[in-house]
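Have the structure open as you read.

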Amino acid sequence: MIAKKCLCFLASFLSISVTCFPQSSGNYDQHEAFAPIFYPAFGDEVRTAAGTPGPKYWQNEANYNIQATLDDENQQISGSVQISYKNNSPESLPFLWLQLDQNIYKTDSRGEKSTPYGGGRYANKGYDGGYTIRSVSVSYQGREEKIHYIIDDTRMQIYLADALKAHGDSLKVNIVYQFGIPEHGTDRMGRLETAFGWIYTIGQWYPRMCVYDNVLGWNALPYIGAGEFYLDYGNYDYSITTSGSQLVVASGELVNPAEVLTADQIKRLDMARSSDKTVMIRTEAEVKNKTGRLSKNKLVWHFKCNHTRDVAFGSSSAFVWDAARINLPDGKKSLAMSVYPLESALDSGWKRSTEFVKGCIENYSRRWFPYPYPNAVNVAGPVSGMEYPGIVFCLTLSQAKELWGVTSHEFGHTWFPMIVGSNERKFPWMDEGFNTFINSVADQDFNKGEFLENPRYRERAARFFQPHAEAIMTSPEVTNPRYLAVNAYVKPGMGLELLRYDILGEARFDSAFCFYIRNWAYKHPTPWDFFHAIENGSGEDLSWFWRGWFLNNWKVDQAVTNVEYIQSNPANGSVITIQNREKLPMPVTIEVKEIDGKTGRINLPVEIWQKGGEWKFSYPSTRKIESVTIDPDRMLPDSDESNNVWKEKP
């Protein structure tokens, strides 16, 4: 008797279960989407589960003193660098790793050999360059000695006679070097000939320390092209010697203006520091007449840039130069500057550059985190767009919307990765994608949306989900070049937009995103630190979204499948059935239009999909329903629009 009752109860329970927990539809599986274990490890004292640096977080420090010469006759740079390196890690270091990025231009480099036969963005066929290292020594505990080192491709390994001790021991690395300036520098640096002289846009121009961290130890991946940089923070004191015709702009503050600028230029710069309108520092007429320079054979340009991860510079005899004040939070100021050749001095082109620099930096500073550098310099040259602290390189031909876009994007990199120092060699989406997102917000704000384009999420989705598309969490060198822009820029940027507008809302997302930026400013976060920070800052478990959008390439496909009237009477209301047919669940917005024109909306949370791939809900309609539309604003990258609208049959 008891057994019979148990069987009846079990049959009833199974019947209820089938009713309450509908089966998944299509490719969707709620158990996979909402699997309870996501993070590979628990938080610890270095990186907490709250997405913040822990009480024992550490990173090493590299300070640079550089004396370099730009030879504009032989197109080369020679110099010496002294790197003061401090080991804050809990381990002693028997050797050090440095980056020699210029070695990518050697004909036998890995970057050259791994370039497809037909060429590519980072190819430099026919150019044989790279570093010539004149000497290497180490100063440690009051003595300087030559040191054993090995150069392999774009890395140098230095073997220490005495290991650099943990918890604050330091030494100095001294290197004398030289390299030829490539005309085409893998779209990150180079030189361009104009009517009044060569323009030099110089980055990766000195040996730099690799990062030693608690994630991988030494991060010594070779520089191949697509993967950018991962650098420690420190202070820079550097000088660049040039011929007397050159005008140099660079990261940080020019500390000897009286030695390299005319009295008029110094006065004009002072005017610009008090002006919201662009002020000319070196005019077009001065460039044409080859004036506006000191009567000296050589100039020594001395700059300082503190608490930064890199420095770069631009130099030319052809520069027109203008500037304006940048207004920062708490009453602080910086200076927006642009330098460009006469060919670019167009009303719709580079004459607006400083306005663009000022506009985007003020926006990012107000919304996310204050701009940290004394200057922000936009340099017109051969590079389509490349960022360095306090200075960016953009194409001379850019105008109007294109110039705004590239200027806003390259200066957006001040926040990612110059302030928030993620590992670009492995995770380009943490700088390119996050930057793409803040660019989209700035587009809305700048000059009442002058260059704003409405997002086209549905159109983008077709590209995201092609058969051979790859997941965002793919190394840049492994990513198919066809999808690098999607995976590094567009899709992660759109992921943050989905979080801001569809999942969390603007207020909660902005608060959580600022929480992430503040905690990881001038530090080295991993993807897991980012995921933790947004979850803790917003109070949401977003593992379903990270799993589907970043770690996998799951599609979105929401559908409206049926409308029924309660007791077959439209006056009693209706029951609407929707489905999630692909792997990635998302919150739902439904628009219902009745035959009398009355329209209403229903917003449903992502949790409805925890029960399965089909969901029914009641709607208080009073007349027959003309149509039901899921995602009426087309904000989701829905991969199949054919099932997004239900219409009453004639």
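Helices (H or I, at least four residues) and strands (E, at least two) are DSSP runs here, numbered from the N terminus. What you're looking at is a predicted model, where local features need pLDDT of at least 70, side-chain atom pairs count only at pLDDT 80 or more, and totals for chains, interfaces and linings use all residues. Residues are numbered from 1 along each chain as its sequence is written, and side-chain values use heavy atoms, with hydrogens and water left out.

Let's take the rings. Two rings of Phe, Tyr or Trp (its six-membered ring) pair if their centres lie within 6.5 Å; planes under 30 degrees apart are stacked, over 60 edge-to-face, and the rest tilted. The whole structure has 61 aromatic pairs, including these:

| Pair | Centre to centre | Angle between planes | Type |
|---|---|---|---|
| F434 and F530 | 4.6 Å | 40 degrees | tilted |
| W546 and F550 | 5.8 Å | 55 degrees | tilted |

F434 sits in helix α10 (residues 432–445) and F530 in helix α14 (residues 527–538), so their pair ties together parts 96 residues apart in sequence. W546 and F550 share helix α15 (residues 543–551), four residues apart, or about one turn of the helix. Both W546 and F550 are buried, meaning under 20% relative accessible area, with exposed over 50% and partly exposed in between (1.4 Å probe, protein chains only). F434 has 0% relative accessibility, so F434 counts as buried.

Now the sheet: four strands make an open, antiparallel one in the order β6-β7-β3-β12, where strands pair if DSSP finds at least two bridges between them. Its edges are β6 (148–152) and β12 (208–209), each pairing on one side only.
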